[in-house]
Amino acid sequence: MVLNVRQRQADAVVRMLHFNAPPAAVKPSAAGDEDVYKVLVLDRWTKDILAPLLHVNELRKHGVTLHLMLDTERQPIPDVPAVYFVQPSEASVARIVEDVQRGLYDAFHLNFSTHIPRPLMEKLAAGVVAGNAAARVARVYDQHNRFLTLEPSLFTLGLPDTYLQLNDPAAQDSQIEAAVSAVVDGLFCVLATLGVVPIMRCPKGGAAEHVAAALDAKLRDALAGRTSLFSEAGAGLAASLHRPLLCLFDRNFELSVVLQHAWTYKPLVHDVLSMHLNRVTLHDAPAPGQPGSGKKNYEVDDADFFWSGHGKEQFPMIAEQVEAELSKYKQAIEELNRKTGSHIDPLADPNDIMKNNTRSLMSAVSSLPELTERKRVIDKHTNLATALLGAIKSRQLDAFYALEEECIAGKADVAAVARQMGSPAGTPTDKLRLALVWLLTCEAVPTEAECQQVEGLLAGCGADMAAWSYVKRMRRLNLTGKQQPGSASVADGLSGFGGAAQSQLTNLLGTTFGQGLSSLTKGVKNLLAGEQQAAVTVAVEALMDGKPNPDTDAYATFDPKLPAGRAQRPAGPFKEALVFMVGGGNYLEYESLSCWASRSQPAAKHIVYGATDLMAGEAFLGTLSTLGYKSGAAPAPQ
């Protein structure tokens with residue numbers, strides 16, 4: 001897999017931790033034995049960059065003994081070098097100058113997440129010289145790492161307000177340009193990290209074209225420079241590989257996919273359990289007599305075998321898979337029981353008995369870490385699935401999902417929508433999302449009578465009418481896109497290996513799950529998920545095919561490697577593409593693209609999906625509500 005954005009970013013971060021040594025000099029396998037220990041200093045933004053990439057134990061393997069926040073009070077550690085990884089800003093530069101002048105560390109290796117502007121660089125140099133501390137600054141680097149990688153083929157720029165900034169009717173030109181510039185800088189960092197210069201395609205006349213034009217200019221400047229970031233980053237890529245396609249879209253291209261409910265595992269966890277940066281927080285019910293509740297944090301990423309293996313399956317299948325993994329785990333425990341049983345053949349040679357028993361017991365002990373990790377993963381997904389099950393049953397999310405799929409397919413009318421909205425099931429937010437999906441996917445603009453019927457139901461359940469008013473106005477102005485079609489024997493056997501091993505395996509065996517998840521989900525509909533393709537998938541399929549297509553022939557084309565203004569529609573087919581959504585994306589869209597890419601013929605495609613931010617339906621409703629007030633579509637709240 002060439003376009004593995006997670007691996008490429010992780011490699012860049014590891015090089016940074018080794019003082020930006022050449023790739024050949026970085027040996028992660030031996031990094032834990034190195035004598036150079038260092039302090040890592042981060043800011044809020046760069047901490048989020050590292051969070052999905054490297055855990056604390058992995059940082060230690062690369063010599064990081066402490067990781068500290070830039071804006072906190074830190075004590076001097078004069079004999080240890082420090083690696084700074086921060087955003088280039090006035091505040092961060094001022095704090096770095098202060099640290100250097102105080103001599104907090106032996107040497108300062110300064111790394112900025114993106115290109116540091118010349119005025120800030122001059123301010124940094126002046127401050128260091130004024131403090132007579134220039135010798136402490138080892139090097140200054142532009143890392144071009146200002147983006148967040150969640151999976152090998154999924155990234156975001158961490159810009160949650162982009163849709164609001166680009167659609168705010170009161171925004172000044174300077175504010176819009178600043179928002180576009182932030183998107184362009186982030187996309188440039190992604191391309192520099194991957195080491196590719198793509199051919200760009202986008203619909204004309206929207207924010208996507210604005211971003212593409214600015215990115216095209218930035219890439220041209222970089223390619224004209226003395227040292228090209230792309231020739232350096234892509235030096236290891238095979239010369240025969242075709243350049244990838246970069247498809248840019250405005251979020252208004254299709255709004256319904258951000259609002260509709262999900263029925264597969266990853267989108268459900270993101271939407272219902274508010275997953276952020278691959279982490280989910282579950283709150284326990286408060287204990288009797290206790291004012292608050294405890295919480296548990298879970299991490300899910302591609303290192304999690306269950307998450308990567310079953311993340312695209314619909315929810316009832318997840319419950320079955322949890323039970324299947326639990327069964328495999330129990331079988332492994334029984335196998336350990338069998339291998340370490342206490343039965344001894346009285347006719348066997350005593351030396352053979354000792355040798356065989358020792359081998360079996362050592363095998364049991366060596367299996368403990370793997371079994372412990374597998375048990376931890378099963379426990380984690382049992383808890384996540386149980387939390388999802390509670391929300392599905394209490395809110396009847398399967399019914400909302402099924403009806404929204406019918407809306408997208410053009411099979412649901414206002415009467416069906418009204419029946420679901422009039423039922424006691426679901427929160428006001430659920431009903432508002434259903435109403436908006438219906439509004440956005442109707443073949444024709446709904447009549448005033450139909451809208452009034454839906455509005456009465458929304459008002460009656462206490463839904464936020466500002467978001468409805470804004471989308472209704474957009475739909476009537478035609479500004480939104482429309483959807484396209486036996487523990488005792490093992491414990492006894494391990495007694496000679498010390499209490500720690502015995503206790504660990506006993507704990508593994510002693511945990512029970514009670515009632516199985518499969519039996520709990522019997523009342524949940526088993527729906528055929530994934531049949532509907534997101535509109536962006538249909539467009540990307542046509543763009544990667546490269547053949548004349550009336551739906552995409554009018555798309556703008558940018559090629560930074562050709563003279564300006566001479567780019568023509570590229571010939572296909574393309575094997576690889578980056579798909580980027582300006583204004584926010586979500587897991588449903590990512591899932592639609594990746595499923596299509598994996599089953600495309602004659603050869604599978606490879607898609608990297610990115611967005612300014614990944615937005616759950618409820619969060620996006622808040623943005624639409626704000627725009628409703630700002631645009632005057634809804635009266636300002638008192």
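Modeller: Two strands pair if DSSP finds at least two bridges between them. Helices (H or I, at least four residues) and strands (E, at least two) are DSSP runs, numbered from the N terminus. The model is predicted, so local features need pLDDT of at least 70 and side-chain atom pairs count only at pLDDT 80 or more, while totals for chains, interfaces and linings use all residues. Residues are numbered from 1 along each chain as its sequence is written, and side-chain values use heavy atoms, with hydrogens and water left out.

Colleague: Which residue of strand 14 does Val579 stand opposite?

Modeller: Strand 13 (residues 576–582) pairs with strand 14 in the parallel sense, over six bridges. Within this pairing, the residue opposite Val579 is Tyr609.

Colleague: Which residue of strand 14 does Phe155 stand opposite?

Modeller: Strand 7 (residues 154–156) also pairs with strand 14 in the parallel sense, here over three bridges. The residue of strand 14 opposite Phe155 is Gly610.

Colleague: How many of the six residues of strand 14 are buried?

Modeller: Buried means under 20% relative accessible area, exposed over 50%, and partly exposed in between (1.4 Å probe, protein chains only). His606, Val608 and Gly610 point one way from strand 14, and Ile607, Tyr609 and Ala611 the other way, all of them buried. Strand 14 (residues 606–611) is therefore largely enclosed by the rest of the structure, its count of buried residues being six of the six.

Colleague: What is the handedness of the β-α-β unit made by strand 13, helix 24 and strand 14?

Modeller: A crossover is right-handed if, with the strands pointing away from the viewer, the path from the first strand over the helix to the second runs clockwise. For strand 13, helix 24 (residues 587–599) and strand 14, the β-α-β unit is right-handed.

Colleague: What separates the C-alpha atoms of Ala82 and Tyr105?

Modeller: Ala82 lies in strand 3 (residues 82–86) and is buried, at 0% relative accessibility. Beyond its neighbours within four places in sequence, Ala82 is in contact (heavy atoms within 4.5 Å) with Val39, Tyr105, Ala107, Phe108 and His109. Ala82 and Tyr105 are 23 residues apart along the chain, and their C-alpha atoms are separated by 6.2 Å.
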